[in-house]
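Open the model in your viewer and keep the selection panel at hand.

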Amino acid sequence: MITPQIAMFLILAAVVVAGALSLIVQRHPIHSALSLIVVMVALAGLYLLQGAEFVAAVQIIVYAGAIMVLFIFVIMLLNAGEEERSNVSRLARFVGVPLGIAFLVEVAYWIGRATAHLGTPPEEMVSTRELSSLLFREFVFPFELTSFLILIALLGALVLARREESD
Amino acid sequence: MVPTSYYLVLSAVLFGLGVIAFIFKRNILTIFMSIELMLNAVNLAFVSFSRLLGQLQGQVFVFFVIVVAAAEAAVGLAIIILIHRNRGTLNVENVDSLKD
């Protein structure tokens, strides 16, 4: 029986899988980056479907809106072209890809069977107030550490990508 | 009402597709994007379990995973820019020795 929630899940899951397949199949990295943005926005829809509204907002703002934009900047900056033909043997591609897909299908099947007994939790919105009280009371130390981590990443990226000054 | 196993199967499929992309693609930027795809699959599993168990620690962890992925993307892209500047190629098949 297809309830509206299951229909919504199937539509968003189809978009997610189509985006992931498009990332693999496309040859130019800019198309892969745009497919990944599609995947992230659809995942944000899935988070919303489960009631995680803060995580969905953070996913769109930070992941799709900042990290992927950074990727696209770098792709355009480096003028990345299409992938060339590979020198890997044809056998590796014709045997490897079906085997990989078979492995994927098998893992998905067994995970579906192993977790089918978990049931269906009720759908309700998680309030951002509860999440933030958890984040700023129990998890305040990791939170401050992540701000430190971002500072270190910023400094590291600056130092790495700086051009050598010749003086 | 969507059963939890649907989300977990989708997360497994996404992760597997990320692994396939990581192994078969040759452009280093696409490989890096497949890492982000794997991280997103794990985030989906975290949120599903957080919904199932009624606890919010899963969503707090998703928050931290997103922040760490941002920091890692910044540094990783700086390294990719350096590789392009020093080797002139973005093809991982040509970047196969530490000496150039």
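Select H2(A), residues 29–49. At 1.5 Å a residue, the 21 residues of H2(A) should span 30 Å. The C-alpha atoms at the ends of H2(A) are 30 Å apart, so expectation and model agree. Bear in mind that this is a predicted model.

Step just past H2(A) to A:Gly51. The phi of A:Gly51 is positive, about 95 degrees.

**Chain A as a whole**

Chain A has six helices and zero strands. From the N terminus on, its elements read α-α-α-α-α-α.

The C-alpha trace spans about 65 × 50 × 25 Å. The radius of gyration of chain A is 21 Å, whereas a compact globule of 167 residues would have one near 15 Å.

Colour chain A by domain. Domain 1 covers 1–81, and domain 2 covers 127–162. Between the C-alpha centres of domain 1 and domain 2 of chain A lie 23 Å.

**Where chain A touches chain B**

Bring in chain B. Here 70 residues of chain A are in contact with 55 residues of chain B. Which helices of chain A each supply at least two residues of the side that touches chain B? They are H1 (4–25), H2 (29–49), H3 (53–77), H4 (90–114), H5 (128–137) and H6 (140–161). Select H3(A) next: eleven residues come from H3(A), the largest share of this side of chain A.

Colour that side of chain A by residue class. It divides into 51 nonpolar, 15 polar and four charged residues.

Select H6(A) together with H3(B), residues 57–87 of chain B. Their axes are 9 Å apart and meet at an angle of about 10 degrees. Angles under 35 degrees count as roughly parallel, so H6(A) is roughly parallel to H3(B).

Show the side chains of this contact. From H6(A), pick residues including A:Pro142, A:Thr146, A:Leu149, A:Ile150, A:Ala153 and A:Gly156. From H3(B), pick residues including B:Phe64, B:Val67, B:Val68, B:Ala71, B:Ile79 and B:Leu82. Further along the list for H6(A) are A:Leu160 and A:Ala161.

Finish by colouring this contact by class. How many nonpolar, polar and charged residues does the contact of H6(A) with H3(B) have? There are 18 nonpolar and two polar residues, and no charged ones.

Key. Residues are numbered from 1 along each chain as its sequence is written. Chains are lettered from A and ligands numbered from 1 in the order in which they are written. This is a predicted model: local features need pLDDT of at least 70, side-chain atom pairs count only at pLDDT 80 or more; totals for chains, interfaces and linings use all residues. Two residues are in contact if their C-beta atoms, placed from the backbone, lie within 7 Å. Helices (H or I, at least four residues) and strands (E, at least two) are DSSP runs, numbered from the N terminus. Ala, Val, Leu, Ile, Met, Phe, Trp, Tyr, Cys and Pro count as nonpolar, Asp, Glu, Lys and Arg as charged, and the others, Gly among them, as polar. Domain bounds come from an automatic or database domain assignment. Axes are lines fitted to C-alpha atoms, for helices over the stretch in contact, and angles run from 0 to 180 degrees between N-to-C directions. Angles under 35 degrees count as roughly parallel, over 145 as roughly antiparallel, 65 to 115 as roughly perpendicular and the rest as oblique. The expected span of a helix is 1.5 Å times one less than its number of residues. The radius of gyration is taken over C-alpha atoms; the globule rule is 2.2 Å times the number of residues to the power 0.38.
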